[in-house]
Amino acid sequence: MSTRHILLGLLEAGPSHGYDLKRRHDERFPQARPLAYGQVYTTLQRLVRDGLAEVEGTDADGGPERTLYRSTDGGARELTRWAGEIAPPAPFVANEIFAKVVVSILAGGDPAAYLRTQRAAHMERMRELTAVKTVPGADLATVLSADYALNHLDADLRWMNTTAARLTTLTAEVDAA
Amino acid sequence: MSNQGDSSVPLLAGRDLVKAHGRTEALRGASVELRVGEILAVTGASGSGKSTLLHCLAGIVRPDAGAVTYDGSRLDQLPERRLSELRRSDFGVVFQFGQLIPELTALDNVALPLMLAGAARAEARVRAGAWLERFGVRGQEGLRPGEMSGGQAQRAALARALATGPKVVFADEPTGALDSLASEQVMTSLVHTARESGTAVLLITHDAQVAAYADREVRLSDGTVAPAGVAA
């Protein structure tokens, strides 16, 4: 995920300082890993260096002085370009589950048992995400991010179900031979 | 199936159930338990015996072997008349296609089981309206099932299944004909209402995202309960 573009997007709402940007990021993307403060400030400095953001001034508000940043016209254009850019569909399978099944077959292990256990772990996580998104009054960002995770876990599950069925067929063929 | 350390007596249990359709054995020794107020998903591939299991547990068909126990009594040994009464008083059923009566409005579809349970028509219609509202079917009380969207008709079917205060709702692929948003609305309505009223739900589905609304999952494979994987 492009932290610089997400910060640019948050700056579109108006000037803001690093602390506030971190807080709004974590609210908007509740299922994502929270941003580290250091990452926020480093990214803001790079945006300024690249002419995509600039320092608006400082804001003390009774506490320590904070630097306010705002997006530039160049920043707005870059954000529009990035937001419309197609994310490449995953070109290859680099999935730990897939790798473990293959290795298990190669090593004469028990891939079916592994798939059952992995499936149970996926279902447990899907139950947690479903509970999060169906809490009455859950905000849209929470629902959307839970939906995103649920659909990806579901895709894994479908692959696991098909693979488990294929393993059964394979075992039957081997037994019959 | 593991009882997960819960020593409470299950509300509904099938033990070593066997059921054949002709030469095909749909169930080959399946055992499952449903506790009071629990939402249990039964999943599995097509032909794994999910619907046959539901039919046996709901007393719609009798197993060839094994036992079905409901509230401490053998359901599979009840005479047909008593079984029929029990299904009406304690069970609600929803199928993939809601099976609402096409000639009746949504309101009258929900009022019907209430009237069969002894309510006067006017009272039944008031209560039916409240149930439809609870399931988010507003302003459509006067429509017939064919005039409603699939999601709205299915929510009306759920309202009908829950209106009589059943202890168990059997739902066989209740979202099977719906798109993902309508499916979510139906499942949210079902789960919230079941939790509020303490109704147990036996939910048959092939969809993991639907199964994720349940407290627990039992997976069928070739007519038996597949060994459970234990999440780390």
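Two strands count as paired if DSSP finds at least two bridges between them. Keep that rule in mind for chain A. The model is a predicted one.

Start with a single bridge. Gly57(A) has Leu68(A), in β3(A), as its bridge partner. Now widen the view to the strands. β3 of chain A covers residues 66-71, and six bridges join β2(A) to β3(A). The rule asks for at least two bridges, so these strands pair. The two strands run antiparallel.

Next, take in the whole sheet. Strands of a sheet pair through backbone hydrogen bonds, either parallel or antiparallel. In chain A, three strands form an open sheet in the order β1-β3-β2, and the pairing is antiparallel. Which strands stand at the edges? They are β1 (16-17) and β2 (53-59) of chain A. Each has a single partner strand, so one side of each is left without a neighbour in the sheet.

The size of an interface is often given as the accessible area lost when the parts come together. Between chain A and chain B, about 1500 Å² is buried. Carbon and sulfur atoms give 55% of that area. Three arginines stand out on the chain A side: Arg116(A), Arg119(A) and Arg127(A) supply 31% of the area that chain A buries against chain B, more than any other three residues. The contact draws 19 residues from chain A and 19 residues from chain B.

What links the two chains? There are two salt bridges between chain A and chain B. One salt bridge joins the side chains of Lys133(A) and Glu184(B), at 2.8 Å from N to O. Across the interface, six residue pairs are in polar contact.

Look at which helices of chain A take part. Both α6 (111-133) and α7 (140-176) of chain A supply at least two residues each to the side that touches chain B. α6(A) gives the most, with eleven residues. By type, this side of chain A has seven nonpolar, five polar and seven charged residues.

Finally, move to one residue in chain B. Thr193(B) sits in helix α6 of chain B, which spans residues 180-197. Is Thr193(B) buried or exposed? The cut-off for buried is under 20% relative accessible area. Thr193(B) has 4%, so it is buried. Leaving aside residues up to four places away in sequence, Thr193(B) touches Trp131(B), Arg134(B), Phe135(B) and Leu162(B).

Terms used
Residues are numbered from 1 along each chain as its sequence is written. Chains are lettered from A and ligands numbered from 1 in the order in which they are written. This is a predicted model: local features need pLDDT of at least 70, side-chain atom pairs count only at pLDDT 80 or more; totals for chains, interfaces and linings use all residues. Side-chain values use heavy atoms; hydrogens and water are left out. Contact means heavy atoms within 4.5 Å. Buried area is the accessible area (1.4 Å probe) that two parts lose on being put together, summed over both. A salt bridge is a side-chain nitrogen of Lys or Arg within 4 Å of a carboxyl oxygen of Asp or Glu. A polar contact is a pair of N or O atoms within 3.5 Å; within protein, one must be able to donate a hydrogen and the other to accept it, and residues adjacent in sequence count only if both atoms are side-chain atoms. Helices (H or I, at least four residues) and strands (E, at least two) are DSSP runs, numbered from the N terminus. Ala, Val, Leu, Ile, Met, Phe, Trp, Tyr, Cys and Pro count as nonpolar, Asp, Glu, Lys and Arg as charged, and the others, Gly among them, as polar. Buried means under 20% relative accessible area, exposed over 50%, partly exposed in between (1.4 Å probe, protein chains only).
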